[in-house]
Amino acid sequence: MDGLGIKQLDYLLNKRGLDRWLNRAWLILFGLFLAAIGVIYSRPENCAFLATDFRGYYATAQIVLQRGFAAVYNPQLQQVYQAALPIRCLDGSLYGPALDVMVPYFPVFILAFLPWQALTFTTSYLVWSVINLVILVVYLRFFTTQLAGRPGWLRLLQWLACLPVLVNLILGQINVLWVIGLGEFVRAMVAGKPGRAGLWSGLLLLKPHILILLAPGLLAARQWRAVLGISASLCILVGASWALAGVE
């Protein structure tokens, strides 16, 4: 659908008041969806899947403090530490991990996990989730305001009510940093600052396979300053990680 078709659709929806009914229907469906998730994860056997990724982060921080950065990439050691981190469910019961995860991040990113050792595992997961959600809301509002004007709170809530966001919160992932890295990359490219865009892409190294999809496009478009920025960011992250964990 082209731009004119989209404008005509918006006009028809606004003229007939359908947009208000669609928003109400969406809120009802979203409420039912959240209720279903609450019922599912209130069951202890399902509660064990909560914080699956965050358990890996928490265990990684413990390993770093006790054995050093290089030890976090040992699968057997990760399994031992994660098994000792049960989550407290709503009924007060404790459940061990349903799954074990590895933490395939550069050591420099692991620094973000260390402060959470000041809290118990379950408490730190809840605080982590709230902070991630707040950062995501603030950044999405900032990003949209910078490029297209300030969005309404209902529209912002609709953006947040999607499976990737819910999965990120349920598993306790760190994808909000990837969102910021990609968003700032886009803003810098739109502003005609490809070098800065390349530097921001360093955050995309949280999931290098995503960056692999981006870099060939920049090479094909001959965005050499962006490629140079990516290379500089990679050198900084690898250098810092080498200083933390060594060659091994």
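**A guided look at a predicted model**

Guide: The accessible surface of the protein comes to about 14300 Å², and 69% of that belongs to carbon and sulfur atoms. Accessible areas come from the Shrake-Rupley method with a 1.4 Å probe, and for residues only the protein chains shown count as cover. This is a predicted model, in which local features need pLDDT of at least 70 and side-chain atom pairs count only at pLDDT 80 or more, while totals for chains, interfaces and linings use all residues. Residues are numbered from 1 along each chain as its sequence is written, and side-chain values use heavy atoms, with hydrogens and water left out.

Visitor: What does the secondary structure come to?

Guide: The protein has 13 helices and two strands. Both are DSSP runs numbered from the N terminus: helices are H or I with at least four residues, and strands are E with at least two.

Visitor: And how many of the residues, in percent, count as buried?

Guide: Of the 248 residues, 39% count as buried. Buried means under 20% relative accessible area, exposed means over 50%, and partly exposed lies in between (1.4 Å probe, protein chains only).

Visitor: Turning to helix 4, how many of its residues are buried?

Guide: Helix 4 is mostly covered, with 13 of its 16 residues buried. From its first C-alpha to its last, helix 4 reaches 22 Å, close to the 22 Å expected at 1.5 Å a residue; the expected span is 1.5 Å times one less than the number of residues.

Visitor: What follows helix 4?

Guide: Gly 68 follows helix 4, and its phi is positive, near 100 degrees.

Visitor: How many aromatic pairs does a search of the whole structure find?

Guide: The search finds 15 aromatic pairs. Rings of Phe, Tyr and Trp (its six-membered ring) pair if their centres lie within 6.5 Å; planes under 30 degrees apart count as stacked, over 60 as edge-to-face and the rest as tilted. One of the pairs is Phe 54 with Tyr 57, which is edge-to-face at 6.4 Å centre to centre, with 85 degrees between the planes. Both residues lie in helix 4 (residues 52–67), three residues apart, about one turn of the helix.

Visitor: Why is the pair of Phe 54 and Phe 121 stacked?

Guide: That pair is stacked because the ring centres of Phe 54 and Phe 121 are 6.0 Å apart and their planes are at 20 degrees. The pair links distant parts of the chain, as Phe 54 is in helix 4 and Phe 121 is in helix 7 (residues 121–148), 67 residues apart.

Visitor: Are Phe 54 and Phe 121 buried or exposed?

Guide: Phe 54 is buried, with a relative accessible area of 1%, and Phe 121 is buried at 6%.

Visitor: Which cluster do the ring pairs form?

Guide: Ring pairs link a cluster whose members include Phe 54, Tyr 57, Phe 113, Trp 116, Phe 121 and Trp 128.

Visitor: New topic: which side chains meet in a salt bridge?

Guide: The structure holds one salt bridge, in which the side chains of Glu 184 and Arg 187 meet (2.9 Å, N to O). A salt bridge is a side-chain nitrogen of Lys or Arg within 4 Å of a carboxyl oxygen of Asp or Glu.

Visitor: Why are Glu 184 and Arg 187 separated by about one helical turn?

Guide: They are separated by about one helical turn because they are three residues apart in helix 10. Glu 184 is buried, with a relative accessible area of 9%, whereas Arg 187 is partly exposed at 22%.
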